[in-house]
Amino acid sequence: MINRDEMFKNKIFLGPMAGVTDLPFRLLCKEQGADVMVTEMVSAKGLYYGSRKTDLLLQTDDREKPVGVQLFGSDPDIMAGEAEKLAKRGFDFIDINMGCPVPKIVNNGEGSALMKNPELAERIVRSIVEAVDIPVTVKIRAGFTKDSVNAPEMARAIEGGGASAVAVHARTREQYYSGKSDWSVIKAVKDAVKITVIGNGDITCGEDAVRMKEETGCDSVMVARAAKGNPWVFREIKGYLNGNVPARPDLNEIRDMILRHIDLMIDMKGEYIGVRELRKHVAWYTEGIYNSSRIRKKVCEIEKKEELVELIKQLGD
């Protein structure tokens with residue numbers, strides 16, 4: 001069994017992103033140095049009512065361990081019941097989403113809406129901690145609005161509920177993903193609790209990760225959007241944290257990564273779904289590459305793996 005402190009401290013997390021951090025992408029990030037994986041967020045109510053849409057979201061592989069499943073909801077009993085079932089599927093920890101800013105989630109009192117109710121947040125955490133024998137972590141934001149920044153209070157409630165770690169995205173729900181994240185909030189959370197604190201927000205390179213750890217004292221770092229089309233960001237962060245500066249990927253390495261992503265995606269999801277889901281990844285991978293606009297335009301018309309592979313082989317020509 002993995003030691004809980006070892007699982008979460010001094011680690012680089014791949015932050016969960018809906019429609020992005022599926023199993024193929026997580027495996028690629030793991031190979032490049034990401035230490036801890038978390039699935040795309042899964043609805044506790046969806047699981048409770050037997051939604052078939054959750055099946056793909058729950059796919060894991062031993063190669064990506066340790067991996068947690070991110071659950072969202074607002075009913076402590078439903079959350080605990082579904083977490084108990086998920087714990088039996090081999091996940092290494094349960095992560096509770098209290099940071100999602102999407103209106104349809106927030107309007108149901110879920111995701112970042114829980115930032116407005118630390119008491120309910122604590123009840124949810126406690127109900128899950130009591131239901132499972134694996135660690136429980138929570139993802140929060142700085143606050144709901146700029147006038148209600150309460151991450152330290154939320155973190156104390158989460159700690160009180162028995163969570164092992166808290167990840168802090170240092171933006172408010174009001175900001176969504178715009179503006180600048182306020183790292184001082186991460187420091188305030190670190191000063192407020194004894195559990196592991198994972199810093200998140202505006203880490204785009206190795207230097208950012210080093211600076212965040214120095215400025216906030218956080219135990220670990222989490223990278224999300226900067227990993228889109230750039231699994232190498234984890235290699236870079238790991239290098240910087242260890243005092244090395246690894247080389248950026250050249251065109252051949254980028255091409256090979258995309259081809260590997262194609263194989264993994266289609267093996268796991270089939271050609272029809274796989275090719276279509278790869279379109280956005282190809283756009284991210286090829287951004288900034290000479291003459292890549294032609295690739296991005298054409299990829300939207302492709303429906304077969306062979307055509308996609310041939311197109312990627314032309315990258316940089």
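**Reading the angles, rings and loops**

Modeller: Helix α12 and helix α14 (residues 305–313) pack at an angle of about 160°, and their axes are 10 Å apart. Keep in mind that we're looking at a predicted model.

Colleague: Why is α12 called roughly antiparallel to α14?

Modeller: Set the angle against the cut-off: anything over 145 degrees counts as roughly antiparallel. The angle here is about 160°, so α12 is roughly antiparallel to α14. As for handedness, the crossing of α12 and α14 is right-handed.

Colleague: Which residues of α12 and α14 make the contact?

Modeller: On the α12 side they include Arg255, Ile258, Leu259 and Ile262. On the α14 side, Leu308, Val309 and Ile312 are among them. Sorted by class, this contact has ten nonpolar residues, six charged ones and no polar ones.

Colleague: Now the other helix pair. What makes α7 and α8 roughly parallel?

Modeller: Helix α7 (residues 118–131) and helix α8 (residues 151–160) pack at about 30°, with 8 Å between their axes. Angles under 35 degrees count as roughly parallel, so that's what we call α7 and α8. Their crossing is right-handed. Pro118, Ala121, Glu122, Val125 and Arg126 of α7 meet Glu153, Met154, Ala157, Ile158 and Gly160 of α8. Those contact residues divide into six nonpolar, one polar and three charged.

Colleague: On to the rings. How many aromatic pairs does the structure hold?

Modeller: There are four aromatic pairs. Take Phe8 and Phe93, whose rings are 5.2 Å apart, centre to centre, with 90° between the planes.

Colleague: How do you know that Phe8 and Phe93 are a pair, and what makes them edge-to-face?

Modeller: Rings pair if their centres lie within 6.5 Å, and planes over 60 degrees apart count as edge-to-face. With 5.2 Å and 90°, Phe8 and Phe93 pass on both counts. Phe8 sits in helix α1 (residues 4–8) and Phe93 in strand β5 (residues 93–98), so the pair ties together parts that are 85 residues apart in sequence.

Colleague: Why are Trp232 and Tyr285 called edge-to-face?

Modeller: Use the cut-offs again: centres within 6.5 Å, planes over 60 degrees apart. Trp232 and Tyr285 have ring centres 6.2 Å apart and planes at 70°, so they're edge-to-face. Trp232 belongs to helix α11 (residues 232–241) and Tyr285 to helix α12 (residues 251–286), so this pair links parts 53 residues apart in sequence. Both Trp232 and Tyr285 are buried.

Colleague: Let's do some loops. How do you know whether Asn10 is buried or exposed?

Modeller: Exposed means over 50% relative accessible area. Asn10 comes out at 60%, so it's exposed. Asn10 is in the loop between α1 and β1 (12–14). Its phi is near 55°, a positive value in a residue other than glycine.

Colleague: And what makes Asp202 partly exposed?

Modeller: Buried is under 20%, exposed is over 50%, and partly exposed is in between. Asp202 has 27%, so it lands in the middle class. Asp202 is found in the loop between β8 (196–200) and α10 (206–216), and its phi is also positive, about 65°, although Asp202 is not a glycine.

Colleague: Why does Asp219 count as buried?

Modeller: Its relative accessibility is 12%, and under 20% means buried. Asp219 lies in the loop between α10 and β9 (220–223). Leaving out residues up to four places away in sequence, Asp219 touches several others, including Lys9, Asn10, Lys190 and Lys213.

Colleague: What makes Glu64 buried?

Modeller: Its relative accessible area is 0%, which is under the 20% cut-off. Glu64 sits in the loop between α4 and β4. Beyond its neighbours within four places in sequence, Glu64 is in contact with Leu23, Arg26, Leu27, Lys30, Met37 and Gln59.

Colleague: Which peptide bond is cis?

Modeller: The one joining Lys65 and Pro66, where omega is about 0°. Pro66 is in the loop between α4 (54–57) and β4 (67–72).

Definitions and conventions: Residues numbered from 1 in each chain as written. Predicted model: local features only at pLDDT ≥ 70, side-chain atom pairs only at ≥ 80, totals over all residues. Heavy atoms only, no water. Axes fitted to C-alpha atoms, helices over the stretch in contact; angles between N-to-C directions. Helix = DSSP H or I, 4+ residues; strand = E, 2+ residues; numbered from the N terminus. Parallel < 35°, antiparallel > 145°, perpendicular 65-115°, else oblique. Left-handed = near helix turned anticlockwise from the far one by under 90°. Contact = heavy atoms within 4.5 Å. Nonpolar A, V, L, I, M, F, W, Y, C, P; charged D, E, K, R; others polar. Phe/Tyr/Trp six-rings, centres within 6.5 Å; stacked < 30°, edge-to-face > 60°. Buried < 20%, exposed > 50% of the residue type's maximum accessible area, 1.4 Å probe, protein only.
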